[in-house]
Amino acid sequence: MTEKPPVDDVTDDRLEVGPPREWAAGVPGVLHSMEPAIKQLGLTRTIKLMTSLNQKDGFDCMSCAWPDPDHRKVAEFCENGAKAVTWEANPVLVPDSFWAEHSIDDLLGKSEYWLGMQGRITKPVHKPVGSDHYEEVSWAQAFEIIAAKLTSLRSPDEASFYTSGRTSNEAAFAYQLFVRAFGTNNLPDCSNMCHESTGTAMNEVVGVGKSTIAYDDFEKADLIIVMGQNPGTNHPRMLTALEDAKRNGAAIVAVNPLPEAGLRRYKNPQRAKGIIGKGTEIADQFLQIRLGGDMALLQAVSKRVLAAEAAAPGTVLDRAFIDEYCEGFEAFAEHAAEVDDDEVLLATGLSLAEIDELADRYIHSDRVIITWAMGITQHRKAVETIKEILNLLLLRGNIGKPGAGASPIRGHSNVQGDRTMGIWEQMSDTFLDAIRDEFHFEPPRKHGVDALKGIKAMQSGDIRFWMGMGGNLVAAISDTQLAEKAMRGTEMTVQVSTKLNRSHAVVGAEALILPTLGRTEIDIQKSGPQFVSVEDTVCSVHGSHGQVPPVAPELLSEVAIVARLALATLGDRVPVDWQSFEDDYDSVRDHISRVVPGFERYSERVRSRDGFVLPNGPRDSRTFPTTSGRAVLTVNDLEPVERPEGRLLLQTLRSHDQYNTTIYSLNDRYRGIKKGREVVFINPDDLVELGLVDGQRVDVFTEWTDDVERVLRDYRVVAYPTARGCAAAYFPEANVLVPLDSAAIGSNTPVSKAVLVRVVPAAVSTRV
Ligand SMILES: Nc1nc2c(c(=O)[nH]1)N[C@H]1C(S)=C(S)[C@@H](COP(=O)(O)OP(=O)(O)OC[C@H]3O[C@@H](n4cnc5c(=O)[nH]c(N)nc54)[C@H](O)[C@@H]3O)O[C@H]1N2
Ligand SMILES: Nc1nc2c(c(=O)[nH]1)N[C@H]1C(S)=C(S)[C@@H](COP(=O)(O)OP(=O)(O)OC[C@H]3O[C@@H](n4cnc5c(=O)[nH]c(N)nc54)[C@H](O)[C@@H]3O)O[C@H]1N2
Ligand SMILES: [Mo]
């Protein structure tokens with residue numbers, strides 16, 4: 001066991017603010033990534049991990065769902081991937097004495113940063129009813145306790161089973177099978193808070209909720225539009241793809257309220273020129289849009305595309321594509337012609353010249369990719385905004401041809417695979433029929449709860465048992481106060497986790513923590529060493545092989561945990577050989593190969609060096625499995641986000657040194673923030689208007705229709721070049737501001753990127 005890293009800088013008292021950076025990655029990036037690893041892991045473990053990260057026989061990086069190129073370099077990882085690996089594989093352990101020393105009430109007073117720093121959890125623990133402490137239990141006891149609770153429920157729908165997107169395909173498939181055999185579709189997941197809007201829009205428009213491009217398409221594109229995404233921090237290896245695309249002549253447009261470092265210049269640490277030179281300029285055009293303004297921008301561009309066609313008929317639209325593959329064109333064109341430019345200017349904060357320039361670039365590019373992430377999906381009108389992205393692409397046939405397509409960039413490294421495996425509260429009847437035919441039991445058909453509905457069902461007492469396969473739901477979901485109260489109202493909460501987080505402190509009457517192996521670790525079962533597999537953001541499935549010995553011998557893999565829980569709960573109620581799942585993961589894959597389309601001969605194909613790419617109708621053959629069999633151009637009414645005078649729209653986002661609710665350090669290097677997170681970024685002109693100054697202490701209040709007080713107290717104002725009227729603060733802390741009822745229409749994703757707030761001088765400041 002290594003020494004614990006220092007955790008003294010857990011308050012904001014030493015906060016330092018400097019100017020934001022103009023470039024991302026480069027040598028400081030790599031140095032930053034290696035330093036803690038070597039210090040904490042030791043050289044041998046570090047080298048073993050870093051040289052197998054994202055390599056063909058190595059393990060898949062758990063930091064994001066960015067794909068691996070065919071021609072991989074020796075070091076195929078980024079700064080933030082290295083942080084994620086270090087965080088997991090660091091052999092600092094929560095000591096056995098910890099549980100007696102720290103009551104749950106005590107843990108409630110600790111920050112996420114402190115909790116994560118305590119190290120890996122090594123033994124199952126149980127908090128009995130009425131106790132304020134976890135106590136060690138055996139694995140067998142743990143499963144018995146959970147099984148007893150589950151079988152005591154009046155209905156299986158009183159239980160809910162959450163999944164975070166790090167879970168492997170094998171564990172996810174076994175988990176959803178157990179949950180459905182138990183009798184419910186209550187399978188909410190992190191995707192409900194993430195790319196749900198993408199799935200909803202794309203399924204309706206093109207019939208598939210996933211990216212329509214392959215990795216190689218980036219280097220074939222003429223134009224790549226990056227919307228609502230901060231790749232320099234959240235998908236750093238994407239910058240290499242963008243750099244390569246630029247070298248091949250592509251133009252890049254970034255649409256973002258913030259001038260994020262990675263969207264400006266990139267110094268590639270893998271290239272000598274990147275280390276010494278100025279790096280590559282990334283964005284040819286940067287559109288500093290207002291929060292929630294994207295739908296208006298996209299409509300305005302489509303309007304210009306149609307006007308250009310009218311001016312020179314037969315030269316702008318891809319008529320052959322529209323006629324053969326699409327429906328809804330006439331209604332769409334009629335609606336687009338009426339888009340009001342004044343309304344667009346107001347909603348976007350952009351100039352006509354900027355919008356014209358983007359339209360011009362689009363019209364004169366033959367192969368266009370649009371990528372997007374949370375800046376698009378976490379808005380009230382997110383689903384319709386994504387439909388407008390698809391409208392624009394369809395007009396010029398930019399789907400199903402090389403170098404073009406719709407490219408949502410997923411977050412968690414296997415969030416897409418988990419969905420493919422059936423982690424969804426609304427799986428289709430086709431999938432459920434396949435489960436029935438393979439396993440000879442009738443799965444429930446009634447749709448389950450998603451993440452938000454799950455919280456509401458806990459509030460109302462309809463859900464009494466909650467289990468999390470990874471993740472940190474109470475911190476990740478909106479309206480922290482209400483969500484925590486709901487979670488505390490349950491009878492039992494169970495967390496399968498690697499490290500401590502807030503969801504271990506905010507618990508039901510009875511609670512358990514089940515510690516699990518991480519992806520970096522060697523996993524040996526009865527039939528020998530096992531590997532798992534994952535699907536990346538461009539639908540490529542590949543194996544992930546643990547490399548280092550587990551930090552503790554008692555840990556069980558997620559597959560083993562599910563198999564044992566199923567045996568304890570269901571016994572032989574359904575004819576599934578759970579034991580074989582744990583003994584040999586090929587047995588899980590064999591079932592998957594018969595249930596999930598595209599996974600034929602799974603065990604064999606996933607062993608090939610590159611894995612395999614799942615079939616995708618729109619991408620492969622312009623086949624659109626929608627109701628009509630055509631891609632659908634849609635009509636969406638603009639409804640700009642209202643912002644009364646004296647108020648700001650606030651987005652909640654990630655710093656450079658965090659992984660969702662996991663805080664690696666209190667720094668956000670690219671934005672100039674050090675040693676603190678309690679900051680709110682505001683445009684200097686807005687500060688003047690509001691009578692505030694840089695450095696001032698403020699309280700940030702949500703303006704919402706109910707009378708619940710939602711407030712972040714004593715935050716420091718940082719004058720920052722964000723779009724006018726738009727503020728920003730870090731998630732998960734800022735989740736206290738997002739109302740539970742504020743959700744995207746159609747996808748029910750929390751509106752994390754547009755909270756109407758009032759910023760006022762702090763009532764009481766505890767700091768100088
Ligand atoms: N290191 C690291 N990597 C990660 C994660 C992490 O926390 N840390 N998280 C993973 C996960 S689960 C996910 S989902 C992804 C998230 O990846 P991102 O989506 O990049 O994450 P956010 O920090 O939420 O950043 C949102 C970006 O959108 C912009 N934005 C906000 N609102 C708007 C808007 O209305 N319009 C436009 N055009 N832009 C807007 C913001 O300024 C910001 O640049 O990253 C994944 N990778
Ligand atoms: N306000 C606001 N809220 C947001 C967002 C936002 O932008 N703004 N983003 C949303 C998005 S995009 C997402 S994806 C969600 C994320 O929501 P979650 O996925 O629920 O949260 P994470 O922070 O990724 O979960 C981290 C925890 O997972 C556990 N863990 C890590 N590795 C493993 C493993 O291998 N196995 C197991 N079993 N456990 C493991 C650790 O205990 C760790 O503490 O948050 C959402 N919430
Ligand atoms: Mo995400």
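Predicted model: local features only at pLDDT ≥ 70, side-chain atom pairs only at ≥ 80, totals over all residues.

Biologist: How many helices and strands does the chain have?
Modeller: The secondary structure comes to 32 helices and 31 strands.

Biologist: What radius of gyration does the chain have, and what would a compact globule have?
Modeller: The chain has 25 Å. A compact globule with 768 residues would be near 27 Å, so the two agree.

Biologist: And what box do the C-alpha atoms fill?
Modeller: Roughly 75 × 65 × 55 Å, if you go along the principal axes.

Biologist: What percentage of the residues count as buried?
Modeller: 65% of the 768 residues do.

Biologist: What about contacts along the chain?
Modeller: Take the contacts with a separation of 6 or more: 78% of them come from residues 24 or more positions apart.

Biologist: Switching to charges, how many positive and negative side chains are there?
Modeller: There are 81 positive and 108 negative ones. The centres of those two sets lie 4 Å apart.

Biologist: Now let's zoom in. Where does Ser747 lie?
Modeller: Ser747 is in a loop, with strand E30 (726-730) on one side and strand E31 (755-761) on the other.

Biologist: Is Ser747 buried or exposed?
Modeller: Buried, because its relative accessible area is 6%, and the cut-off for buried is under 20%.

Biologist: Which residues is Ser747 in contact with?
Modeller: Leaving aside neighbours within four places in sequence, Ser747 contacts Glu196, Ser197, Thr200 and Val383.

Definitions and conventions. Residues numbered from 1 in each chain as written. Chains lettered and ligands numbered in written order. Heavy atoms only, no water. Helix = DSSP H or I, 4+ residues; strand = E, 2+ residues; numbered from the N terminus. Rg over C-alpha atoms; globule rule 2.2 N^0.38 Å. Buried < 20%, exposed > 50% of the residue type's maximum accessible area, 1.4 Å probe, protein only. Contact = heavy atoms within 4.5 Å. Lys, Arg positive; Asp, Glu negative; His and termini not counted. Charge placed at Lys NZ, Arg CZ, Asp CG, Glu CD.
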